[in-house]
Amino acid sequence: MEREVLKIAIQKSGRLSEKSLEIIRNCGIDFQTDSRVLRERATNFPLEFLFVRDDDIPTYVKDGVADIGIVGKNEFDESGFYLDTVKDLGFAKCRLSIAVPNDFDYKGIESLNGKRIATSYPNIMMKILKERGVDASAVVVSGSVEITPQVGIADCICDIVSTGTTLKMNGLKEVETIYYSSAIMIARPGFTNTVSKKNEILFRLLERMDAVEKAKNKKYILFNLPADKLDEAAKIIGGMKSPTVTPLMDKSWLSVQSVVSEDRFWSVFEDLKSIGAEGILVMNIEKMTE
Ligand code: ATP
Ligand code: ZN
């Protein structure tokens with residue numbers, strides 16, 4: 001086994017956990033998952049997992065306990081630490097919104113002047129409110145933000161919303177979205193620019209992630225085509241180097257293979273049919289490099 005390992009901090013259990021591990025597993029990296037273990041070494045790649053609370057991930061990366069981490073942009077921005085964002089992973093999308101009690105006469109963001117706003121994200125919230133010229137105060141709570149207006153410790157709240165059901169259940173209405181988040185990969189500042197064994201490992205990991213992502217938006221197609229339609233088919237498929245063409249026993253037909261992006265797939269499929277393509281096979285691509 002290689003001696004140098006890249007240490008990655010991942011949320012132990014929560015909204016980020018499963019998808020974070022799935023991304024790594026899709027890179028062909030094998031590991032055990034035992035929920036009691038807080039530290040785990042991948043079996044076929046120099047990667048070590050640290051399973052921690054998401055709030056602690058920016059701190060671990062800052063202190064060098066972990067080299068990289070997967071965390072919500074919200075937790076990272078709230079930490080205020082100066083770290084590098086290596087990659088936006090695009091999952092765990094959510095928004096930070098202001099919600100007010102149903103009977104609150106909300107006329108626009110200026111209605112928040114002088115109000116007490118309960119939130120678990122005081123740094124992000126106060127920065128944005130300040131930028132927008134609002135003078136409000138933050139009531140910092142670590143959970144159950146929605147009940148704070150009912151119990152009288154805040155006038156309104158600023159919290160993560162996905163569907164809005166929890167807000168409704170607590171007599172609140174969403175009036176303003178101030179921030180958007182998704183999961184990101186973070187690293188110590190400059191880590192990606194230094195030449196080191198660990199850094200090499202990170203690049204191998206990123207390269208694999210890229211290959212998986214590229215493949216996700218592509219389909220592999222295989223079909224039989226009347227030989228005299230090849231030029232037309234190449235035009236329809238477009239954008240690629242020439243498709244792979246194999247002769248068939250029947251000389252008037254060819255077998256053609258190519259890769260088509262997902263968003264163009266149906267129009268390509270229909271156009272190929274219209275010029276006489278037959279037996280069109282479509283396959284998912286697992287990994288792809290260019
Ligand atoms: P921990 O026990 O690790 O501290 P937590 O309860 O603070 O967990 P989760 O609720 O698992 O955290 O949320 C983790 C992250 O997922 C949030 O910081 C945010 O980036 C994102 N997130 C939160 N709510 C949603 C949602 N409703 N939909 C999608 N993503 C969300
Ligand atoms: Zn947390």
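Predicted model: local features only at pLDDT ≥ 70, side-chain atom pairs only at ≥ 80, totals over all residues.
Start with helix 6. This helix covers residues 197–216, which makes 20 residues. From its first C-alpha to its last it reaches 29 Å. That is close to the 28 Å expected at 1.5 Å a residue. Buried here are K198, N199, I201, L202, L205, L206, M209, A211, V212 and A215. What covers them? The cover includes helix 1 (17–25) and several strands. Among those strands are strand 1 (6–11), strand 4 (68–72) and strand 5 (84–88). Strand 11 (183–187) and strand 12 (218–226) also belong to the cover.

Strand 12 leads on to its own partners. It pairs with strand 14 (residues 253–261) in the antiparallel sense, over nine bridges. It also pairs with strand 15 (residues 278–284), again antiparallel, over five bridges. One residue shows both pairings. L222 stands opposite Q257 in strand 14. L222 also stands opposite L281 in strand 15.

Now turn to strand 6, residues 94–101. Seven of its eight residues are buried, so this strand is largely enclosed by the rest of the structure. Which strands pair with it? Strand 10 is joined to strand 6 by eight bridges, and the two run antiparallel. There, the bridge partner of S97 is T177. Strand 9 is joined to strand 6 by five bridges, also antiparallel. In strand 9, the bridge partner of R95 is V161. As a general point, side chains in a regular strand alternate between the two faces of the sheet.

Strand 10 spans residues 172–181, and Y180 sits in it. Is Y180 buried or exposed? It is exposed, because its relative accessible area is 59%, above the 50% cut-off. Leaving aside residues up to four places away in sequence, Y180 touches K73, C94 and R95.

C94 brings up the cysteines. How many disulfides does the structure hold? It holds zero. C94 is in no disulfide, and the nearest cysteine sulfur, in C158, is 12 Å away. C94 is also buried, with a relative accessible area of 17%. A disulfide needs the sulfur atoms within 2.5 Å. C156 counts as buried, because its relative accessibility is 0%.

Next comes a metal site. The zinc ion (ligand 2) is coordinated by D54 (OD) and D55 (OD), at 1.9 to 2.0 Å. The angles among its four donor atoms run from 76 to 174°. Why is the site irregular? A tetrahedral site needs all angles between 85 and 135 degrees, so the range of 76 to 174° rules that out. For comparison, the ideal angle for four tetrahedral donors is 109.5 degrees. D54 is buried, with a relative accessible area of 16%. D55 is partly exposed, at 34%.

E78 is buried, because its relative accessible area is 11%, under the 20% cut-off. Which residues does E78 touch, not counting those up to four places away in sequence? They are S120, Y121, P122, N123 and I124.

Last, look at two loops. Most residues other than glycine have a negative phi. A92 has a positive value, with phi near 50°. It is found in the loop between strand 5 and strand 6. A92 is partly exposed, with a relative accessible area of 31%. S144 also has a positive phi, near 45°. Its loop lies between strand 8 (137–140) and strand 9 (156–161).

Notes
Residues numbered from 1 in each chain as written. Chains lettered and ligands numbered in written order. Heavy atoms only, no water. Helix = DSSP H or I, 4+ residues; strand = E, 2+ residues; numbered from the N terminus. Expected span 1.5 Å × (residues − 1). Buried < 20%, exposed > 50% of the residue type's maximum accessible area, 1.4 Å probe, protein only. Contact = heavy atoms within 4.5 Å. Donors = N, O, S within 2.8 Å, 3.2 Å for Na, K, Ca; no water. Tetrahedral: all angles 85-135°; square planar, octahedral: opposite > 155°, others 65-115°. Pairing = 2+ DSSP bridges.
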